[in-house]
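Good morning, and thank you for coming. Please turn to the structure on the screen, and I shall take you through a few of its features.

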Amino acid sequence: MFVSDCYNVNEKGHLTISGCDTVELAEKYGTALYVMSEDEIRSVCRRYKSSFERHYNGNGTALYASKAFCCKEICRIVTEEGLDLDVVSGGELYTALAAGVDAKHIHFHGNNKTMQELCYALESGVGDIVVDNLNELHRIEKLSAEKGVVTSISMRIKPGIDAHTHEFIRTGQIDSKFGFALENGEAFEAVKEAVACENVELIGLHCHIGSQIFDKAPFVLAAQVMLKFYNKIHTELGKTLTHLNLGGGFGVKYKEADAAVPYEDYMSDVSEAVHAACKEYGIQVPYIYIEPGRSIVCEAGLTLYTVGDIKTIPNVRTYVAIDGGMYENPRYALYQSDYTCLIANKVNEPADFTATIAGKCCESGDLIQENTLIQKPEVGDILAVLSTGAYNYSMASNYNRNTRPPVVMVRGGESRVIIKGETYEDLVRNDV
Ligand SMILES: Cc1ncc(COP(=O)(O)O)c(C=O)c1O
Ligand SMILES: N[C@@H](CCCC[NH3+])C(=O)O
C-alpha cells in the first residue's frame with residue numbers, strides 16, 4: 001500500500017512511521033513537519049554495506065551524497081554505519097566536520113569550488129578532491145605547493161551516457177557542466193596534466209550519470225566505459241590508479257507503481273561488469289565507491305501538514321491548502337515530481353477525492369501535487385506527503401519569509417528533534 005516498509009497504519013486508522021503515529025507527531029511538534037525514519041536510513045546503509053562485502057569482498061564503500069539531506073545527525077548516522085561522505089560545498093564540509101566525521105572519509109565535489117572552499121578542504125585533510133576542470137586542477141596544484149602538501153585528487157569524467165531521467169537532473173552526457181568529456185579527448189589530456197603535477201596525486205576517476213534512474217543498463221555501461229579509460233591511463237601513461245567512483249543516482253519510489261530496482265541488483269550487475277572488465281584488461285579491481293544520496297534518505301522521510309482550506313472551483317479543480325509549500329518542498333515546482341499524498345488521520349478511507357495540494361507562497365505554481373487522489377479532506381486534517389526525505393529540507397528556502405520546519409527523527413516508536421524549526425528571530429539574524 002505504501003512506498004516503503006517504514007510506513008504502516010495503526011488501529012486508529014492513522015499513518016505511522018517507524019512505529020510513531022503521525023497524527024500524534026503533528027500534535028506534539030506542530031506542522032509543517034519533516035519526519036525521518038532512522039530505522040529505514042540505517043537499513044538502507046546496511047544493504048549497501050553488505051553488497052560491498054558480497055560483491056567486492058569489502059574492497060569498496062558507499063559515500064552518502066550529503067546534498068540529499070545534510071545536517072549533523074545524518075552525518076553521524078551514516079558514518080556510524082560505515083559510509084563515507086560526499087560534500088559539494090564548504091557548508092556541507094563544515095557540517096560533516098562539526099558532526100565529528102573524520103576528514104579522511106570526506107570527499108569534496110563541485111563544479112566550481114571557490115578558493116576559500118579549496119583552502120578549507122586542503123586544511124581539513126579531506127580524503128580526496130574530485131577535480132572538475134583544469135582551472136581547478138591548477139588552483140589545487142598551486143595551493144598544495146604553497147602549503148607544502150601533496151593532495152589526493154580524483155577526476156570527474158563525463159562518460160557520455162544519456163540516462164533516462166528528467167533533463168535537469170541528468171549529468172553524464174557531453175552537454176553537462178560537470179567534469180571532463182571522454183569522447184573528444186579532453187579527459188585524457190587533463191589526466192596527463194594531473195599526472196605531471198608535483199603536488200597532486202591522482203588516485204582515481206569519478207563519474208555520475210544522473211539521478212532517479214530506474215534502469216540498471218546505464219550504470220553497467222558507465223562502469224565499462226570508466227574501466228576502459230582507467231586501463232588506458234595504465235597502459236598509455238604507465239600510471240596505475242587505485243580508486244573508481246561510479247556515482248549515485250539509484251531510483252526510489254515516490255508512487256507505489258514506481259518500478260524501483262532493488263539496490264542489491266544494481267550492485268550485483270555493476271560488480272559483474274567491473275570484474276569482467278578488470279579480468280579482460282588484466283588489472284587489479286580498483287577500490288570502488290558509489291555515491292547514493294536519494295536512495296539513502298528519500299523513502300525514509302515524509303512531511304506532515306494541516307489542511308487549512310479547501311477551495312473547489314466548479315468544473316475546474318479543488319485546491320487543498322496546506323501550511324507548507326514550495327519553500328519547504330520545491331520539487332513539484334521544479335520538476336513536476338510525483339508524490340504519494342494521503343490524509344494521515346483517515347488512511348483506511350477510500351482515496352477517491354481528486355485534489356491539488358497548494359502551498360502558502362505567493363505563486364500560482366506553488367503546488368506540491370496536482371490532481372492527486374486522496375481521502376476526502378476536511379479542514380484540520382493532517383495531510384502526509386511520502387518520500388520527502390531527499391532534496392526537500394536540503395532545497396528549502398525562506399521564500400516569503402516562511403520559516404523552515406523542524407526535522408524529527410523517529411526510531412522504534414520514539415521521536416526526537418534533529419533540526420529545530422526556524423523562528424522569526426532566525427529570519428532577521430543577518431539583517432542589518
Ligand atoms: C556527483 C554526484 N554524486 C552523487 C549524487 C547523488 O545522486 P542521488 O541522490 O540520485 O543518489 C549526485 C546528484 O545527482 C551528484 O551530482
Ligand atoms: N535535487 C534534485 C536532484 C539533483 C541531484 C544532485 N545532483 C532532485 O530533487 O531530484
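In which sense do strand β15 and strand β17 pair? Before I answer, please note that this is a predicted model. Strand β15, residues 317-322, and strand β17, residues 353-358, pair in the parallel sense, and 3 bridges connect them. To find one of these links, look for Val 320, whose bridge partner in β17 is Ile 357.

Let us stay with Ile 357. In strand β18, the bridge partner of Ile 357 is Gln 369. Strand β18 covers residues 367-374, and β17 and β18 run antiparallel, with 5 bridges between them.

I now turn to the domains. How is the protein divided? According to the domain assignment, domain 1 is made of residues 7-37 together with 298-423, while domain 2 is made of residues 38-295. Taken over C-alpha atoms, the centres of domain 1 and domain 2 are 33 Å apart.

Where the domains meet, 24 residues of domain 1 are in contact with 20 residues of domain 2. Which strands supply at least two residues each to the side of domain 1 that touches domain 2? They are β4 (33-37), β20 (407-411) and β21 (414-419). Of the elements on that side, β20 gives the most, with 4 residues. Sorted by class, the side of domain 1 that touches domain 2 holds 13 nonpolar, 8 polar and 3 charged residues.

Thank you for your attention.

Technical notes. Residues numbered from 1 in each chain as written. Chains lettered and ligands numbered in written order. Predicted model: local features only at pLDDT ≥ 70, side-chain atom pairs only at ≥ 80, totals over all residues. Pairing = 2+ DSSP bridges. Domains from an automatic or database assignment. Contact = placed C-beta atoms within 7 Å. Nonpolar A, V, L, I, M, F, W, Y, C, P; charged D, E, K, R; others polar.
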